Amino acid sequence: MKEAAPSRIFLKDYTPPVFLIRTVDLCFQIFEKATVVHSKIHFYRNIKEGDSLFLDGECLKLLEIKIDGEKLSSDQYEQTDDGLVLKSLVDDFIFECSVEIDPVNNKALEGLYKSGNIYCTQNEAQGFRKITYYLDRPDVLAKFKTRIEADKNQFPLLLSNGNRISEGELDKERHWVQWEDPFPKPCYLFALVAGDLAVVSDDFITKSGRKVRLEFYVDHGNEDKCDWAIRSLKESMKWDERRFSLEYDLDLYMVVAVDAFNMGAMENKGLNIFNSHYVLAKKETATDDDFIGIESVIGHEYFHNWTGNRVTCRDWFQLTLKEGLTVYRDQEFTSDLNSRVVKRIDDVKSLRARQFPEDAGPMSHPIRPSSYIEINNFYTATVYEKGAEVIRMMATIIGEHNFRKAMNLYFQKHDGQAVTTEDFVNTVSEASSVDFDLFKNWYQQKGTPIVKVVESYNQKQERFEIDIEQALPFNQNEILHIPLKIGLLNREGEEVESKLIELKSKSEKLVFSGYKEKPVLSFNREFSAPIKVERDLSTEEMALMMAHDTDGFNRWDCGQRLYMDKLKSMVSHPEEKAGHLLMNAFKNLLVDTEIDNAFKAYAISLPSEAEINDALEAPDYKKVHEARIKLLEEFALSNQELFYEMYINLSKEKKFSLSQQDMGNRALKNKILTYLYRTSKYSHLVYEQFNKATNMTDELGALRLIVHDVTADSKESIQRFYDKWQDDFLVLNKWFAVCASADRSDIFKVVNDLAKNPKFDGKNPNMLRSLYGSFAMNLVAFNKEDGSGYEFMAKKIEEIDSFNPQIAARFCSLFNRYHQLPTKLKGLMKKSLEGILEKENLSRDTFEIVSQTLKE
């Protein structure tokens, strides 16, 4: 980076705003070459300090500026690169300005931008400053009125927050619509959409009897893909009423689906803007995972109406206040609608795959960071997923009834306010009469806590003892309040005792008496705390819990530990076999008729290559890849007849449904197919399934295996899928992703050819993630011994950074294992990272992550 390094912002430097805002009147005049934004803002003094005011503003062409109706002279204000300074101010005044912006060429997708033929906004975290001059911070809440003017043929639909209060015609085939939001909000929740879209509508009756209109706006032709999203929204509304007594507070709830979006979705008050991936679905175009993802994200954004909108963050350091709490709420929602144990496994798999490496890497940070250069870099798995685990621990400690009391009190005390994480924890403490002062350390520690467990058994005294000790990485000395669910099983696998313990000191001893034989300890059940557990556990004990533990999560987890131990050993000793005990444990899972198929699909899945490499002292990508394939093949060949019988039974034709049972059946069927693919006798079933598939789960499940083949049949199938779906944006993204993840020696050529495909849009975040993100998950290719994978991605990051810093910075996280690499690979990655820093005009987003990664 040629320029001086950008400055860092610190939580300790927070000061309340000198001025606040009562009302905001906006008028957007959308024209083909530019958009003019007129703003009228009522400021009033909050703190008796100074007579000037800095307003944030970027990429704005100032046309006119007034205070209390009088145009300002040049000595009454000062323009800077990032804002506007108003001078000699009174305590209460009306600020007016007109600016010109360029949404068409806004490829950063922050503020107002054009996605296809639609104008839309993304203002979290700091996009509003690209719309007009404003106090762009979350602790400034105001009531908004918005008028939108545009060509009525090109933009018949004009939407904003709140209620539509009036509309009319203008000259030259233009029209206008006026919106008013009755609730004060920070500017990051402002939203605008202008375009020609189809609408799919429904109604929801609240528990108090109010009718709420639900409107989903999508591209014409996609109306038949909205049913699941509407159903998910209605289920979310019912669930929040039932679980937390929270009712929707407007008469209209709108969702707009757009193809170009940096995030998953945005909870703008009354007007959610979604990445189309999380709205559009039908069985022919969406997988079961897509349907579950839509249900979760629809729920997440709806739940923000209270946890994020009605009560928001004082500053962006408090981001987990709204995101961690809302992720917890959406996890509970999905758990209540589906299998709780499968959802818990899925959430922990994601946490371990994304957040644990983040917490061990150069960008490790607390769930409430103490500083940042670019806040967009802290929309992380730590803030979201680990933040949700912290909320879950509080709920575990006080129980569901008291947690509901705490939520009710939180809204009673803080509705309409911008608050902090301390406010939330103090409210939980007040409602439950539980001291959470020690627990607050979770908000300021970084890294994954380690809990060491040492067991001892005295047969003569019939006493079983457990010594537990906690530790934090990065030389941190804080003590955490850790809730731990434990259980004891006898040697037949029967549960004899279970309890919740709360570790509040460095170490603790637990004593259990009256045991004639050493029990088997089931520890951290349901993953009650987001920790790493270090303990000696025999393969026999793991196999027993894998077969019998009454806690479904630990049953799955013990299986993963068995697989992981064997895979690590096979990396060091390639000639090693699975062994009798593991083979029997695996087969017992297959024939167990007491467990549901969704759980079974997870239980017979091996750890990913990323997980295995993370478990090694130093990663060895090629050997891990080979060891994992070898174990897959050994399981496949030893059980191929049983696999075949199960596959045929699961493939019996029946009407498609999205029931929990049917999705579980498809999950298991497609998992079995990955094993049958490794047999010569039954590998043809992959192509049969691809050719006969009537839903995307089965079609894509087969294609994911076909792409690894370098045969005429494979090439023909890949092309046929493309020909069939090339005009469906979301399915085409799946095709790019699957092709880029292929286990092929010519994968660099494959990816470069895909980038030249006429359907590939190199500015669209979804397509960038599909192609380059999927390639980087191909660990052998990305970590190629000559460093070409690092160099390839570094060049792509430099290109993307020039137009979309948010996406570029997120790709930088692919390098977060830099410090764990062997010396040679580390040197090659360092060279690529240093090359990024040399780029002219490198963004703050990318600079922060790359420079932090390179720190020793």
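This note goes through the predicted model point by point, from the whole chain down to single residues.

1. **Overall build.** The model is predicted. The protein holds 25 helices and 31 strands. Its radius of gyration is 28 Å, close to the 29 Å that the globule rule gives for 856 residues, so the protein is as compact as a globular protein of that length. Along the principal axes, the C-alpha atoms fill a box of roughly 90 × 65 × 60 Å.

2. **Burial and contact range.** Of the 856 residues, 60% count as buried. Take the contacts between residues at least 6 apart in sequence: 70% of them join residues at least 24 apart.

3. **Helix pairs.** Two packed helices are described by the angle between their axes and the distance between the axes.

4. **H18 and H20.** Helix H18 spans residues 729-740 and helix H20 spans residues 765-776. Their axes lie 7 Å apart, at an angle of about 15 degrees. That angle is under 35 degrees, so H18 counts as roughly parallel to H20. The crossing of H18 and H20 is right-handed. On the H18 side, the contact is made by Phe729, Leu732, Asn733, Phe736, Ala737 and Ala740. H20 contributes Asn766, Met767, Ser770, Leu771, Ser774 and Phe775. By class, the contact of H18 with H20 has 8 nonpolar and 4 polar residues, and no charged ones.

5. **H23 and H25.** Helix H23 (residues 805-812) and helix H25 (residues 844-854) have axes that come within 8 Å and cross at roughly 10 degrees. H23 and H25 are therefore roughly parallel to each other. Pro805, Gln806, Ala808, Ala809 and Cys812 of H23 meet Asp845, Thr846, Ile849 and Val850 of H25. The contact of H23 with H25 divides into 6 nonpolar, 2 polar and 1 charged residues.

6. **H14 and H15.** From H14, the contact uses Lys669, Asn670, Leu673 and Leu676. From H15, it uses Leu685, Val686 and Gln689. The classes are 4 nonpolar, 2 polar and 1 charged.

7. **Backbone geometry to check.** Most residues other than glycine have a negative phi, and most peptide bonds are trans.

8. Alanine 125 sits in the loop between strand S11 (118-122) and strand S12 (143-151).

9. **Cysteine 59.** Cysteine 59 lies in the loop between strand S4 (53-56) and strand S5 (61-67). Is cysteine 59 buried or exposed? Its relative accessible area is 63%, over the 50% cut-off, so cysteine 59 counts as exposed.

10. **Phenylalanine 527.** Phenylalanine 527 is in the loop between strand S30 (520-522) and strand S31 (532-535). With a relative accessible area of 1%, phenylalanine 527 is buried.

11. **Glutamate 215.** Glutamate 215 is placed in strand S18 (residues 211-218). Its relative accessibility is 14%, under the 20% cut-off, so glutamate 215 counts as buried. Which residues is glutamate 215 in contact with, leaving aside neighbours within four places in sequence? They are Val199, Val200, Ser201, Leu252, Tyr253, Met254 and Val255. Leucine 271 is 56 residues from glutamate 215 in sequence, and their C-alpha atoms are 9.5 Å apart in space.

12. **Threonine 35.** Threonine 35 belongs to strand S3 (residues 35-45). Threonine 35 is buried, at 0% relative accessible area. Not counting residues up to four places away in sequence, threonine 35 touches Phe28, Gln29, Ile30, Val99, Glu100, Ile101, Pro103, Leu112 and Tyr119.

Technical notes
Residues are numbered from 1 along each chain as its sequence is written. This is a predicted model: local features need pLDDT of at least 70, side-chain atom pairs count only at pLDDT 80 or more; totals for chains, interfaces and linings use all residues. Side-chain values use heavy atoms; hydrogens and water are left out. Axes are lines fitted to C-alpha atoms, for helices over the stretch in contact, and angles run from 0 to 180 degrees between N-to-C directions. Helices (H or I, at least four residues) and strands (E, at least two) are DSSP runs, numbered from the N terminus. Angles under 35 degrees count as roughly parallel, over 145 as roughly antiparallel, 65 to 115 as roughly perpendicular and the rest as oblique. A crossing is left-handed if the near helix is turned anticlockwise from the far one by less than a right angle, and right-handed if clockwise. Contact means heavy atoms within 4.5 Å. Ala, Val, Leu, Ile, Met, Phe, Trp, Tyr, Cys and Pro count as nonpolar, Asp, Glu, Lys and Arg as charged, and the others, Gly among them, as polar. The radius of gyration is taken over C-alpha atoms; the globule rule is 2.2 Å times the number of residues to the power 0.38. Buried means under 20% relative accessible area, exposed over 50%, partly exposed in between (1.4 Å probe, protein chains only).
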